[in-house]
Amino acid sequence: MSSSFEKYQKRRLISSYFSVVISISLVLFLLGLLGLLVLNSKKVADYFKEQIAITVFLKDTAKEVEITQLKQSLALAEYTKSAEFVSKEQAAEEHQQTLGENFIEYLGENPLQNSIDVYVLADYVTPQKMEEITTELKNKDFVDDVIYDKPLIAQLTENVQRISFWVLVISGIFTFIAVLLINSSIRLSIYAKRFTIKTMQMVGATKKFIRQPFVWKSVRLGIIGAIVAMLGMGIVLYYLNQSFPQLQLLSDPVLLAILFLFIFLMGVLITWISTFIATQRFLNLRTDDLYY
């Protein structure tokens, strides 16, 4: 009879530990994914910003030397990511492919102009800086016009600022929720042993002596949960990097290492604090209060 009861108690204990580890790992995994979003939100925003080009249209009278000098100066400019010369013939071919017909035969001439597409670094993709760049380029005599998508730049800048703000707010809220969820799981596991805690106290064990094994057991569970969460994060990060290599999610290993270390420390710290508070609460309860 006692043997079967002991087996039942062991199974219940293992089940309790397993549920704690699962809850800790799931919460830390979601927290880690949110951390990845925070770290890479700027990269994603920068990627889309750098897809926007300033198109510099050149006059037909522009000399080859002037065009070459402009290309070189643009390539060396601090705001340039890349610059590509597009001849009027090349532009006509691209338009023909888009339209599906030869408009040059219909018009009798090629109305397009030679141009240079300038892709600007993300830090310069703001309404003010883009306007400064276009003003500088328009001052050149052989430049006919300079255009870019102004409404898109304004909207993108506004949306990036709004999204960054809400990502930070949600990160703070989610961190708080993560602490509460892990704390609840730890408190439930300690609650199941409240009579053991009170029995040890009644036979003369000190609070520190009683508390220590519970704390270290919870910390070990927190470490296991954090490791499981980090493994899940690693798999997701690898998959995203394979699917979207242009985002370069693995380009900054130091930041990723800090994030993984943060998740590990959160698993240790939250379980330690939660167990300390939970055991302290039951140590301070009267015996009659243990039944409620």
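This is a predicted model: local features need pLDDT of at least 70, side-chain atom pairs count only at pLDDT 80 or more; totals for chains, interfaces and linings use all residues.
**View 1. Helices α6 and α9 cross at roughly 45°.** Here we look at where helix α6 (residues 150-191) meets helix α9 (residues 253-284), their axes coming within 9 Å. The two helices are therefore oblique to each other, and the crossing of α6 past α9 is right-handed. On the α6 side, the contact is made by Thr-175, Val-179, Ile-182, Asn-183, Ile-186, Arg-187, Ile-190 and Tyr-191. Facing them from α9 are Met-266, Ile-270, Thr-271, Ser-274, Thr-275, Ala-278, Thr-279, Arg-281 and Phe-282. Sorted by class, this contact holds 9 nonpolar, 6 polar and 2 charged residues.

**View 2. Glu-50 and Lys-81 form a salt bridge.** This is one of 2 salt bridges found in a search of the whole structure. The closest N and O atoms of the pair are 3.0 Å apart. Glu-50 sits in the loop between α1 (2-49) and β1 (53-58), while Lys-81 belongs to strand β2 (residues 80-86), so the pair ties together parts 31 residues apart in sequence.

**View 3. Lys-150 and Glu-131 meet in a salt bridge.** Their side chains come together at 3.6 Å, N to O. Lys-150 lies in helix α6 and Glu-131 in helix α5 (residues 127-138), so that distant parts of the chain, 19 residues apart, are linked. Lys-150 counts as partly exposed, with 46% relative accessibility, and Glu-131 is partly exposed as well, with a relative accessible area of 31%.

Note on methods. Residues are numbered from 1 along each chain as its sequence is written. Side-chain values use heavy atoms; hydrogens and water are left out. Axes are lines fitted to C-alpha atoms, for helices over the stretch in contact, and angles run from 0 to 180 degrees between N-to-C directions. Helices (H or I, at least four residues) and strands (E, at least two) are DSSP runs, numbered from the N terminus. Angles under 35 degrees count as roughly parallel, over 145 as roughly antiparallel, 65 to 115 as roughly perpendicular and the rest as oblique. A crossing is left-handed if the near helix is turned anticlockwise from the far one by less than a right angle, and right-handed if clockwise. Contact means heavy atoms within 4.5 Å. Ala, Val, Leu, Ile, Met, Phe, Trp, Tyr, Cys and Pro count as nonpolar, Asp, Glu, Lys and Arg as charged, and the others, Gly among them, as polar. A salt bridge is a side-chain nitrogen of Lys or Arg within 4 Å of a carboxyl oxygen of Asp or Glu. Buried means under 20% relative accessible area, exposed over 50%, partly exposed in between (1.4 Å probe, protein chains only).
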